[in-house]
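Subject: Structure handover

Hello,

Here is the structure for you to look over.

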Amino acid sequence: MGYPSTSVFFTIILLASCIIIELDLCFSTVPSSSSLKALRLDGHFTFENNEFAARDFGNRYHFHPLAVLHPKSVADIAATIKHVWQMGPGSDLTITARGHGHSLQGQSQSQQGIIISMESLGRHELRVHTAGDSPFVDVCAGELWITVLHETLKHGLAPKSWTDYLHITVGGTLSNAGISGQAFRHGPQISNVHQLEVVTGKGEVVNCSEEQNADLFHGVLGGLGQFGIITKARISLEPAPKMVKWIRVLYSDFFAFTRDQEKLISAEKTFDYIEGMVIKNRKGLLNNWRVSFDPQDPVQSKEFVSEGRTLYCLEVTKTFNPENSDTITQEIEGMLSQLSYIPSTLFMSEVSYVEFLDRVHASEIKLREKGLWDLPHPWLNLLIPRSKIQSFASHVFGNILTDTNNGPVLIYPVNKSKWDNRTSAVLPEEDVFYQVAFLYHANPTSNGTDGLEHILTQNQKILDFCEAAHLGVKQYLPHYVTQEQWRAHFGPRRWEAFVQRKSAYDPLSILAPGHRIFHKEISSS
């Protein structure tokens, strides 16, 4: 028998190599799952029926994990991270903390990685401290803000700063910022935290505050989960009111609208919550408001036409207790008299404090009944310098936006002085900036203006304009594909600090791969 030819010999070698590689890829997941099963935990892993962890509110990306950890203690989280850390760079396992799954671009997912279901930690750690002049609540990061509200109200207290939607977790919003209409006065939620417990990318459990491990404390706040998983937080509280005067008015002139908003956020005597909306080509707008609000001029409001127009809604509230109702009404009348809204569009409502704060959940229930809550949500959230907001509005609201029928478009100013620049949150370079949020839902099968592709194209046009016009805009809840884009988002100085913190607290890039900022380097040695 003759020897095989050289070409045949190399073919055999190549086939053998491919078989070895395939076997290596196949069996590389076996030690991962088997080693996870061997960990001694208070909670447990699930390796099947984890489809929920491959979904989020954005409903556009679906990455399936290898396993989901359902922790019953912080020690479970630390042990899991330390295990993956000790596997070293030879393992491709990554870890993502998942709260209520309200991310938009797959950030709470991990392809063939480990998802930590933070809500499994439970509410046994929620403790309200009322002694002294600075009350606070200690809470697990997997707790929902709505639960924090109800528990703190039992003591006549509540957090100072909120998001518009409360059925999301404490750890999730603190990893971003947490912005709503109270931010002009109290700053975002990350400005109202006294202390954190964090599990780093090395599996170390660290208590941190402004006085203790301050670099980690500031880095984790707004840090997109890159430096550690927040497991507990100490949140500042204030006396809670019982009632809310809820007011909406309309403007047709954008300059007058923003002038009044900026006047209100800078005044000493002002409302407690200040937001706004862009409303374009909406039919029967004021009639829809009548469901929840009372018109102060019923006759004229019936004659008001919103269809075919671009309007701007100022939404404000004043909190009070029933015994102070008359005084608050006079204060509101005085503040409204200084504004330039369209008189016939003044609508008011009086609701409980909880009803106002949980207002979006009421809309959620209605949308779920119609099967509209689980549609894709191609949201775009921007932070725009005050000096550029007129230019932005003129082009975007005038030339790009055709209507606001796919969801609300929020717009309101925020005082930068209420933010801590030591955190990882990225902001525009001006003392006042605007939050502009396009909160759309999309029909995935439609080719029209309510379709996903149309909305994504519109979002990209907005981003392209901002870049071409050099507006200095920053994304909130940012999403980028390349590290170059992330570097541009942070800017040179803040990017360098971000990278240094990553190297210090998660050097193997185990945590939060869904943001696509850092990629775990796999070593075969």
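Axes here are lines fitted to C-alpha atoms, for helices over the stretch in contact, and angles run from 0 to 180 degrees between N-to-C directions. Helices (H or I, at least four residues) and strands (E, at least two) are DSSP runs, numbered from the N terminus. The model is predicted: local features need pLDDT of at least 70, side-chain atom pairs count only at pLDDT 80 or more, and totals for chains, interfaces and linings use all residues. Residues are numbered from 1 along each chain as its sequence is written, and side-chain values use heavy atoms, with hydrogens and water left out.

Helix packing

Start with helix 13 (residues 389–400) and helix 14 (residues 452–468). They pack at an angle of about 150 degrees, and their axes are 11 Å apart. The two helices are therefore roughly antiparallel. (Under 35 degrees counts as roughly parallel, over 145 as roughly antiparallel, 65 to 115 as roughly perpendicular and the rest as oblique.) The crossing is right-handed. Six of the contact residues are nonpolar, three polar and one charged. (Ala, Val, Leu, Ile, Met, Phe, Trp, Tyr, Cys and Pro count as nonpolar, Asp, Glu, Lys and Arg as charged, and the others, Gly among them, as polar.)

Helix 13 also packs with helix 7 (residues 254–266). The angle is about 140 degrees and the axes are again 11 Å apart. That makes helix 7 oblique to helix 13. This crossing is right-handed too. Phe254, Phe255 and Thr258 of helix 7 meet Ile389, Gln390, Ala393 and Phe397 of helix 13. The contact has five nonpolar residues, two polar and no charged.

Next, helix 15 (483–490) and helix 16 (residues 492–505). Their axes come within 6 Å and cross at roughly 115 degrees. Gln483, Trp486, Arg487 and Phe490 in helix 15 meet Pro492, Arg494, Trp495 and Phe498 in helix 16. Five of these are nonpolar, one polar and two charged.

Pockets and cavities

The search used a 1 Å grid over the protein atoms alone: a cavity is a set of points where a 1.4 Å probe fits but cannot get out, a pocket is an open set with protein on both sides within 12 Å along at least five of seven lines, and lining residues have an atom within 4 Å of a point. Points are joined across faces, edges and corners, and a volume is the space filled by probe spheres set on them.

The second largest pocket has a volume of about 820 Å³. It is lined by 29 residues; Gln460, Leu463, Gln475, His479 and Tyr480 are the closest to its centre. Helix 14 gives the largest share of the lining, seven residues. The lining has 15 nonpolar, 10 polar and four charged residues.

How many cavities of 30 Å³ or more does the whole structure hold? The search finds three. Of its 16 lining residues, Asn176, Ala425, Val426, Tyr476 and Pro478 lie nearest the centre. Its lining has 11 nonpolar, five polar and no charged residues. The second largest cavity holds about 40 Å³ of space. Its lining includes Asp403, Tyr440, His454 and Gln458.

Best wishes

Conventions: Left-handed = near helix turned anticlockwise from the far one by under 90°. Contact = heavy atoms within 4.5 Å.
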